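Let's take a friendly walk through this chain, from its overall build to the ring contacts inside. Please keep the view open as you read.

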Amino acid sequence: MSATETNLIMKLSQFKFKLPEELIAQYPVENRDECRMMVVNAKTGEISHHIFKDLINFFDEGDVMIFNDTKVFPARLYGNKEKTGACIEVFLLRELNAEHKLWDVLVEPARKIRIGNKLYFGEDESMVAEVIDNTTSRGRTLRFLYDGPHDEFKEALYALGETPLPEYITRKTEPEDAERYQCIFAEKEGAVMAPAAGMHFSRELMKRLEIKGVERGFLTLHSGRGNFKDIDVEDLTKHRMDSEEAVVDDTLVEMVNAAKDANKNVCAVGTSVLRALATAVCMNGHLMTYSGWTNKFIFPPYDFTVCNALVSNFHMPLSTMLMMVAAFGGYDTVMKAYNTAVKEKYRFGAYGDAMLILR
């Protein structure tokens with residue numbers, strides 16, 4: 001009997017496993033499509049080992065791959081507090097009002113920042129922001145004091161920022177991360193977390209998939225910091241995800257529904273795609289258009305009706321992404337695969353190796 005049959009309510013502690021620190025990838029592989037890839041058959045539990053470019057061998061003409069075309073912006077800034085000069089990390093979450101240059105941000109150390117404080121950014125301290133509201137214990141609303149047009153302001157603000165690598169990547173951000181912590185098809189700016197599964201796709205692999213007749217579709221889900229937020233409840237039904245903006249358009253809906261009607265494979269590239277599709281699914285397992293916010297939290301057991309394949313990275317213990325993968329592939333099967341990954345020294349995290357689950 002599987003864990004999902006014996007536990008109708010999954011517990012946080014069921015997603016804990018021992019991950020050696022040296023298996024958390026600090027850098028990507030040299031070529032995007034040459035990381036390792038574990039293939040897991042969810043029906044049989046069979047596991048096989050490949051490199052990522054072998055992905056093409058598991059899909060045929062008429063199958064559909066769905067990608068997230070969100071684009072990560074340089075969200076991490078460092079400023080100095082007025083008078084004291086204290087260094088403050090500011091993490092941009094999202095723009096609240098373009099006209100007034102208001103941003104929702106996280107600040108560290110939060111205890112040093114009060115409403116009314118000014119922060120100065122850049123070597124010449126030419127970018128100034130004022131704290132105008134407290135949104136959470138760490139969160140603040142900043143108003144940037146900038147007189148130029150909005151496009152010029154955004155360009156100046158982003159020039160001060162750096163790529164927001166996940167905190168488990170403990171090295172300093174390097175210039176190469178700006179290109180590498182991004183999918184090659186990233187287009188719609190708004191994410192502070194890259195859809196890591198999509199980062200394995202090179203231009204050469206995308207072209208080979210196209211030549212083989214595998215269709216590709218895109219949706220947008222702007223992945224936020226909530227994916228990394230610690231879950232502080234043992235009963236997963238009580239956890240609340242942060243909301244993320246998602247768009248599933250007519251073009252993708254028609255492509256996916258036609259593929260399903262033709263009994264073709266539909267593959268979600270990444271857990272962000274899986275969440276967006278689960279938000280836009282109809283009662284009959286087909287897709288419908290969607291534009292709005294989603295705070296859908298997916299963990300086992302869950303009935304996925306749109307996709308029968310998933311590309312994902314190997315995620316951190318106790319993470320919401322691991323829970324979603326376990327919901328797709330089956331708790332027992334996925335946790336067994338993760339144990340195998342640790343033994344075989346697969347690399348974990350956004351810059352790590354990949355897993356393909358087939359159902």
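Two residues are in contact here if they have heavy atoms within 4.5 Å. Among contacts between residues at least 6 apart in sequence, 71% join residues at least 24 apart. Keep in mind throughout that this is a predicted model.

**Overall build**

The chain has eight helices and 17 strands. Along its principal axes, the C-alpha trace spans about 65 × 40 × 40 Å. How does the radius of gyration of the chain fit with a compact globule? A compact globule of 359 residues would have a radius of gyration near 21 Å, and the chain agrees because its own value is 21 Å.

As for cover, 53% of the 359 residues count as buried. The accessible surface of the chain comes to about 16,600 Å², and carbon and sulfur atoms account for 48% of that area.

**Aromatic pairs**

Now to the rings. Pairs are counted if the ring centres lie within 6.5 Å, and by this rule the count comes to 21 aromatic pairs. Two of them are set out here.

| Pair | Geometry | Centre to centre | Angle between planes |
|---|---|---|---|
| Phe121 and Phe144 | tilted | 6.1 Å | 40 degrees |
| Tyr181 and Tyr351 | edge-to-face | 6.1 Å | 90 degrees |

**Charges over rings**

Which arginines sit over aromatic rings? One is Arg171, which lies over the face of Tyr27 at 3.9 Å from the ring centre. Another is Arg359, with its charged end over the ring of Phe328, 4.4 Å from the centre of that ring.

Definitions and conventions
Residues are numbered from 1 along each chain as its sequence is written. This is a predicted model: local features need pLDDT of at least 70, side-chain atom pairs count only at pLDDT 80 or more; totals for chains, interfaces and linings use all residues. Side-chain values use heavy atoms; hydrogens and water are left out. Rings of Phe, Tyr and Trp (its six-membered ring) pair if their centres lie within 6.5 Å; planes under 30 degrees apart count as stacked, over 60 as edge-to-face and the rest as tilted. A charge sits over a ring if NZ of Lys or CZ of Arg is within 6 Å of the ring centre and within 35 degrees of the ring normal. Helices (H or I, at least four residues) and strands (E, at least two) are DSSP runs, numbered from the N terminus. The radius of gyration is taken over C-alpha atoms; the globule rule is 2.2 Å times the number of residues to the power 0.38. Buried means under 20% relative accessible area, exposed over 50%, partly exposed in between (1.4 Å probe, protein chains only). Accessible areas come from the Shrake-Rupley method with a 1.4 Å probe; for residues, only the protein chains shown count as cover.
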